[in-house]
Amino acid sequence: MLEVINNITIDDIRKNNLVNKEVILRGWVWNVRSSGKIKFIVLRDGTGFIQLVVEKNNVDNAVLEIAEKLTQESVIEVRGIVVENSRLKFDKNKSNFNVVFIGYEMIVKDLKLLYKTQDYPITPKEHGIDFLLDNRHLWIRSSKQFAILRIRNTIKNSIREFLNKEGFIEFDSPILTPSACEGTTTLFEIDYFGDKMYLSQSGQLYVEAGALAFNKVYCFGPTFRAEKSKTRRHLMEFWMVEPEIAFATLDDIIDIAQNMISYIVSKVLENNLYELLILERDISKLENIKLPFYRITYKEAVELLHSKGHEFEFGQDFGAPEETIISEAFDKPIIITHYPKSIKPFYMKLDENREFVLNMDILAPEGYGEIVGGSQREDDYDLLLMRMKEENIPLKEYQWYLDLRKYGSVKHAGFGLGIERTVSWICKLDHVRQAIPFPRMLYRYYP
Ligand code: 4AD
Ligand code: MG
C-alpha cells in the first residue's frame with residue numbers, strides 16, 4: 001500500500017521530487033475545463049498552481065459529480081498521484097488566467113468539496129484596473145499578483161539577511177513624529193490629544209541617533225507622504241529600509257547600497273524564477289545587474305539630458321521625465337551624486353565649495369527611476385545650525401537632533417531604499433500600486 005503524504009503544498013511538489021507519490025492537497029479551484037471524458041481542474045493553494053486530472057476510470061461516480069459542478073474559488077481537498085508533464089507550460093492566450101504550471105500534474109483518486117463559492121467576481125475575462133483595485137482583497141489571488149507579492153517577500157527577506165550579515169542592528173524609528181524629516185509639504189497631520197503630530201516621512205533622524213548608539217543600524221517600515229502626485233511611482237504609504245552608519249562617508253554608503261541591491265537581485269533570481277516566468281520578466285536584464293554600477297555627478301546627468309535633446313535648467317530637481325530618460329540610458333543601476341544644495345534637505349553635508357551636497361540617488365535601469373536616496377550628514381554643530389536657520393527650521397523641535405552634534409559627533413551617512421519602487425523594477429510593473437498588498441493612492445484607499 002502506497003503511503004499518502006498529507007500536509008504538503010504545491011511548492012513542496014515543485015521543490016522536492018514527489019513524482020509517483022500519493023499526496024493530499026487543499027486549495028481553491030482556479031479553473032475547470034473538460035476534454036471528452038476528462039476534467040482538468042487547476043488548483044491554487046497559495047504556494048502555486050497545479051493541474052488536476054479527473055478521469056472516469058480512476059474515481060467513483062460521486063467524485064465525478066463533484067468535479068462536474070465545481071465553481072471558481074470553491075475549496076477542495078484532493079488526493080492523487082503526482083506525475084511529470086513537461087507539456088504543461090505557460091499559456092499566453094489566457095490573459096487573466098496566465099498560469100505557469102509547474103511541470104507536474106496530479107492524477108486524482110479522491111476529491112472533497114470543502115466550500116462552495118458562487119459568483120466569484122474576478123472571472124477569466126479581462127477586467128478594468130478600477131474594478132480590480134476595488135476588489136484588491138480578491139485580486140491578490142490572481143497569478144500575477146501572487147508572483148509579485150512573493151517576490152516582494154524575497155526582497156524584504158534578502159534586505160534583512162544582507163544587513164544582518166553586515167552587522168547591522170534593526171532600530172525601530174517611531175511612526176508618530178513631532179516634526180518633519182523631508183520638508184513640511186508632504187506631512188499627514190494627526191491630532192495627538194490636542195497636539196499636532198505627523199505620520200513619519202522617514203525614520204532617518206532617529207536612526208542617526210541610533211547609529212551613534214549602536215554604530216550600524218537600520219529601520220524598516222511604512223512611511224507616509226501626502227504627495228499630491230499621481231504618477232506610477234508615488235504612493236501615500238510606502239515601505240522603506242533606512243540603514244545609517246557611524247564613521248561612514250558618502251563613498252561608504254554607495255558601496256553598501258550597491259552591494260545590497262545586487263544581493264537583492266541575486267536572491268530573487270535564486271528563489272523566484274517561477275514567479276518571474278509568470279510575470280514574463282526578461283531574466284537576462286536582471287542577470288546583468290552586476291557590480292559595480294554606473295556613477296555620475298548631477299552635473300554629468302544634466303549634460304546627459306542635454307545631449308539627448310531634453311530641455312532642462314541646471315539647478316532644478318529631476319522629475320519623473322528626467323529620471324526616465326537618464327535611467328533608460330543605462331543597463332544597470334546608475335548612482336548620481338552631488339546635487340545642488342538648494343534642492344536637497346538641510347541635513348545633507350555640503351562639499352568643499354558649499355554649493356553641492358554629499359548625496360546620492362540611485363536610479364533603477366529600464367526607465368524605472370529613483371529607488372534610493374541617501375547622503376553623508378552634516379556632523380558639525382555650527383554648520384548644521386546655520387543650514388537650519390537658512391531653511392527656517394523651527395529649532396526647538398529639533399533640539400534633540402542638534403544634541404547629536406553636541407555630544408560625541410562623528411561623520412556618518414545613510415540612505416533609504418523604497419520597497420515598492422524596487423519591486424516594480426524587478427517585476428517590471430507599469431505602476432507601484434501592484435507592488436504592495438493594499439495600495440494607498442491619491443483619492444483611493446479602499447479596501
Ligand atoms: O529620497 P527619499 O525622500 O529619502 C529619504 O527619505 C531619506 N531620509 C532616506 C535616508 O537617507 N535615510 O526617499 C527614499 C526612497 C526613494 O528613493 C524612493 O525609492 C522611496 O523612498 N519613495 C517613495 N516610494 C513610493 N512612493 C513615494 N511617494 C515615495 N517617496 C519616496
Ligand atoms: Mg529622493
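## Charges over rings

In this predicted model, the charged end of Lys344 lies over the ring of Tyr339, 4.6 Å from the centre of that ring. A charge sits over a ring if NZ of Lys or CZ of Arg is within 6 Å of the ring centre and within 35 degrees of the ring normal. A second case is that of Lys332, whose charged end sits over the ring of Tyr294 at 5.5 Å from its centre.

The model is a predicted one, in which local features need pLDDT of at least 70 and side-chain atom pairs count only at pLDDT 80 or more, while totals for chains, interfaces and linings use all residues. Residues are numbered from 1 along each chain as its sequence is written, chains are lettered from A and ligands numbered from 1 in the order in which they are written, and side-chain values use heavy atoms, with hydrogens and water left out.

## Aromatic pairs

The structure holds 19 aromatic pairs, where rings of Phe, Tyr and Trp (its six-membered ring) pair if their centres lie within 6.5 Å, and where planes under 30 degrees apart count as stacked, over 60 as edge-to-face and the rest as tilted. The rings of Tyr192 and Phe193 form an edge-to-face pair, because their centres are 5.2 Å apart and their planes stand at 70°. Tyr192 is partly exposed at 36% relative accessibility, whereas Phe193 is exposed, with a relative accessible area of 78%; here buried means under 20% relative accessible area, exposed over 50%, and partly exposed in between (1.4 Å probe, protein chains only).

The rings of Tyr294 and Phe330 have centres 5.1 Å apart and planes at 45°, so this pair is tilted. The pair links distant parts of the chain, 36 residues apart, with Tyr294 in strand 13 (residues 294-297) and Phe330 in the loop between helix 11 and strand 14 (334-337). Tyr294 is partly exposed at a relative accessible area of 31%, while Phe330 is buried at 17%. Elsewhere, one aromatic cluster is formed by Tyr206, Phe346, Tyr347, Tyr398, Trp400 and Tyr401.

## Helix 10 and helix 11

Helix 10 (residues 298-307) and helix 11 (residues 320-328) have axes that come within 10 Å and cross at roughly 90°. The axes are lines fitted to C-alpha atoms, for helices over the stretch in contact, and angles run from 0 to 180 degrees between N-to-C directions. The two helices are therefore roughly perpendicular to each other, given that angles under 35 degrees count as roughly parallel, over 145 as roughly antiparallel, 65 to 115 as roughly perpendicular and the rest as oblique. Ala301, Leu304 and Leu305 in helix 10 meet Glu322, Ile325 and Ile326 in helix 11, and the residues of this contact divide into five nonpolar, no polar and one charged. For these classes, Ala, Val, Leu, Ile, Met, Phe, Trp, Tyr, Cys and Pro count as nonpolar, Asp, Glu, Lys and Arg as charged, and the others, Gly among them, as polar.

Tyr298 also belongs to helix 10 and is buried, at 0% relative accessibility. Contact means heavy atoms within 4.5 Å, and, not counting residues up to four places away in sequence, Tyr298 touches residues including Phe312, Phe314, Phe318, Ile336, Tyr339 and Ile343. Tyr298 and Ile336 are 38 residues apart in sequence, but 5.9 Å apart in space, C-alpha to C-alpha.

## Helix 6 and two buried strand residues

The buried residues of helix 6 (residues 204-214) are Gln204, Leu205, Tyr206, Val207, Glu208, Gly210 and Ala211. They pack against strand 8 (176-177), strand 11 (216-224), strand 12 (237-246), helix 13 (399-403) and strand 17 (412-418). Asn215, which follows helix 6, has a positive phi, near 75°.

Leu111 lies in strand 6 (residues 104-115) and is buried at 3% relative accessibility. Gln376 lies in strand 16 (residues 369-376) and is likewise buried, with a relative accessible area of 6%.

## The protein as a whole

The secondary structure comes to 14 helices and 17 strands, where helices (H or I, at least four residues) and strands (E, at least two) are DSSP runs, numbered from the N terminus. Of the 447 residues of the protein, 54% count as buried. The C-alpha atoms fill a box of roughly 85 × 55 × 40 Å, taken along the principal axes.
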